[in-house]
Amino acid sequence: MHVIELRNVTKDYGRGRGVFGVSLTLAEGGTLGYLGPNGAGKTTTIRQLMGFVRPDKGAVRVFGADPFGSAAVQRKIGYLPGETAFPPDMTGDAFLRFVASLKGVKSMARANELRERFELDGRARLKKMSKGTRQKVALICAFLHDPELYLLDEPTSGLDPLMQRRFAELVEEELSRGKTMLLSSHQFEEVERLCGEAAILREGRLAACGRMDELQKARSRMFRIRFRTENAAAAFSRVFPQAVCRGAELSLTVPQPDAARVLRLAVTYGVDDLFVRAQTLEELFLHYYDREGA
Amino acid sequence: MVRPLFFRSLRSSAGLFGIILAVLALYGGTIIAMYDPDLGESLNMMANAMPELFAAFGMAGTPATLTDFLVNYLYGFLLIAFPMLLSILLAKRLVASYVDTGSVAYLLASPHARAALIATQAAVHLLACAASIAVFFAGCTVCCEAMFPGELDPEALGRVTLGLWALHLFLGGVVFASACVFNDAKYSVGVGTALVVAFFLVRMACQVSDAFEWLQYLTPMTLFAQDELAAGTGGVWQSCTLAGTGLALYLAGGAVFCRKDIPA
């Protein structure tokens, strides 16, 4: 059974905002990195999964049920909102106790453990806290009732690198316990490291979606080749017109299946030095982002 | 009903409740102390000198008894305005602010149905308004007995107080429904407040002079017939209408809250 299922979901907020015809699924134990620029519709998607917002068209299913206003579904979800908004008049600790009691969590042991892990001093009033500290409070709220599914909207925003690492460790622990997770992010490295699957959203539409290893294949290979002579470089660049030539040095980006051909051909022209790397997820993402202008 | 939310809402309403009650006690006590069967004459003279001003604040006629005096001087303005203010501020705090800032996410993400969450907030809202009136009535009765033994007709004042409660059920329903229907504080607080303040101002205007009497048909507050209730000659069906409409507004607001999109 799919834990998350979106079938052709459209939510139109007008002026191109919202999500349009998004379909995706996430199986139990899976991790989906949900990537996209600001305003692409990541938060709108998550709000529909939470049952805060109803789609105009299509169907949303979480644990096989319509999440809209469903208390049973909420019980199984740990939610981190994209905006950290709290009641202003409470301290961090009082708020954590309040959220725990709302969720019917009797023991504060887990919350205390998380508080130590994130080095949170919860004695201050929430409105006096820095962005990062408030984010820690929000994270603890999402994790304290040991849910089965996590929906985390930009979980590391505002966290310093050390806390980002602590968060990554926490996520890995939860995943090893078989939890399912959807994580929206701008941090490509984070998604690359933590998520088995990724979906890229652009202007409310899915631009790419798949297993991380498949996306890995979809990434272009970027060559930088220094030939023995400038003539060799010039001759080689006639075969690959997209190559950029500077003297004997040449840079070239090709789809992954063409990589072997580039290598074979380069050798015949006489290679002095060679440097290859895979396009990062970020570059892949920017590539989808850029198409907007194209 | 969601117990943790109920107690948290009670706690966060307590401050406002205390302030409003303190103001009511202060003004109420002063007004009661001003009552003097002999001083009634000079007050009448004042009222005759500037009848419009007195009338605007619901102080019309010549109060003969302590009960009439209180109904005129307290139930015409003070006891409408301050519980109404409490109603507006609590609707903002209990519903509108949560939705406007997005902190409602933590309520919605808890394993409770929306209906239970909003019913809890409605219960606190209703309770606070009813309690402010009940506590005032109790204090007022005790105060009157202490200062002017035997002068007060508690039954008559009780009838007017029930009528007042009905009026506040209606006003509370308006501001609570508004807080439930809209997401943006500009509207969720603004629409309800604008409506009840307009009702109130129209009521004040139509008390000023007979020339404005036609205005009474523009404000539901006319259904609070304090003089008839005090005299025991009527005003009951009007009060029932107010209370019934008010409760219906609470229910309608809650129903919208359960069905609407909430960006959180």
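Contact here means heavy atoms within 4.5 Å. These legends go with a predicted model, in which local features need pLDDT of at least 70, side-chain atom pairs count only at pLDDT 80 or more, and totals for chains, interfaces and linings use all residues. Residues are numbered from 1 along each chain as its sequence is written, chains are lettered from A and ligands numbered from 1 in the order in which they are written, and side-chain values use heavy atoms, with hydrogens and water left out.

**View 1. Where chain A meets chain B.** Chain A puts 27 residues into the contact and chain B puts in 26. About 2,200 Å² is buried between the two chains, with 62% of that coming from carbon and sulfur atoms; buried area is the accessible area (1.4 Å probe) that two parts lose on being put together, summed over both. On the chain A side, A:Phe52, A:Phe98 and A:Leu102 lose the most area to chain B, together 29% of what that side buries.

View 2. Chains A and B share two salt bridges, each a side-chain nitrogen of Lys or Arg within 4 Å of a carboxyl oxygen of Asp or Glu. B:Arg8 pairs up with A:Asp89 in a salt bridge, and their closest N and O atoms sit 3.1 Å apart. Helix 1 (42-50), helix 2 (71-75), helix 3 (92-102) and helix 5 (131-143) of chain A each give two or more residues to the side that touches chain B. Helix 3 gives the most, with five residues. Helices are DSSP runs (H or I, at least four residues), numbered from the N terminus.

**View 3. The largest nonpolar core.** This core has 153 residues, and those with the most contacts inside it are A:Phe95, A:Leu151, A:Phe167 and B:Leu70. A nonpolar core is a set of buried Ala, Val, Leu, Ile, Met, Phe, Trp, Tyr and Cys residues joined through side-chain atoms within 4.5 Å, where buried means under 20% relative accessible area (1.4 Å probe, protein chains only). Helix 5 (residues 78-101) of chain B supplies the largest share, 14 residues.

**View 4. A:Phe118 and its surroundings.** You'll find A:Phe118 in the loop between helix 4 (109-117) and helix 5 of chain A. A:Phe118 is buried, with a relative accessible area of 0%. Beyond four places in sequence, the residues touching A:Phe118 include A:Lys136, A:Ile140, A:Met163 and A:Phe167. A:Ile140 is 22 residues away in sequence, yet the C-alpha atoms of A:Phe118 and A:Ile140 are 8.7 Å apart.

Notes: Buried means under 20% relative accessible area, exposed over 50%, partly exposed in between (1.4 Å probe, protein chains only).
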